[in-house]
Amino acid sequence: LSTVPNLNPAEVGDVCIGTVLPKSDVGAVQVRVAAMIAGLPETVPVRTVNRLCSSGLQAIADIAAAIQSGQYEVGIGGGA
């Protein structure tokens, strides 16, 4: 968020991070903590994607598709 200073963190519609085979709910908890440390409010939803060999790419594709379909204007996708 520090690289986009004009972005209101509350405008982020979703955070999706790809992570392969997380144990239990560890992946979702890690994403929530990372989002909070980054300064996103707890009202911004977070989720993980588990897809072998391309989880990060799938997360980015999911965010891009949601933006294109008008679900929200700003999203964060990546891999861990």
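## Salt bridges

Searching the whole structure turns up 2 salt bridges, a salt bridge being a side-chain nitrogen of Lys or Arg within 4 Å of a carboxyl oxygen of Asp or Glu. Keep in mind that this is a predicted model, where local features need pLDDT of at least 70, side-chain atom pairs count only at pLDDT 80 or more, and totals for chains, interfaces and linings use all residues. Residues are numbered from 1 along each chain as its sequence is written, and side-chain values use heavy atoms, with hydrogens and water left out.

Strands here are DSSP runs of E, at least two residues, and helices are runs of H or I, at least four, numbered from the N terminus.

## The R47 network

R47 also meets D62 in a salt bridge, at 3.4 Å, N to O. Through shared partners, D14, R47 and D62 join into one network.

How accessible are they? D14 is buried at 8% relative accessible area, while R47 at 30% is partly exposed and so is D62 at 23%. Buried means under 20%, exposed over 50%, partly exposed in between (1.4 Å probe, protein chains only).

## S55 in helix 2

S55 belongs to helix 2 (residues 55-68) and is buried, with a relative accessible area of 4%. Its side chain reaches the backbone oxygen of R51 at 2.5 Å.

Note on methods: A polar contact is a pair of N or O atoms within 3.5 Å; within protein, one must be able to donate a hydrogen and the other to accept it, and residues adjacent in sequence count only if both atoms are side-chain atoms.
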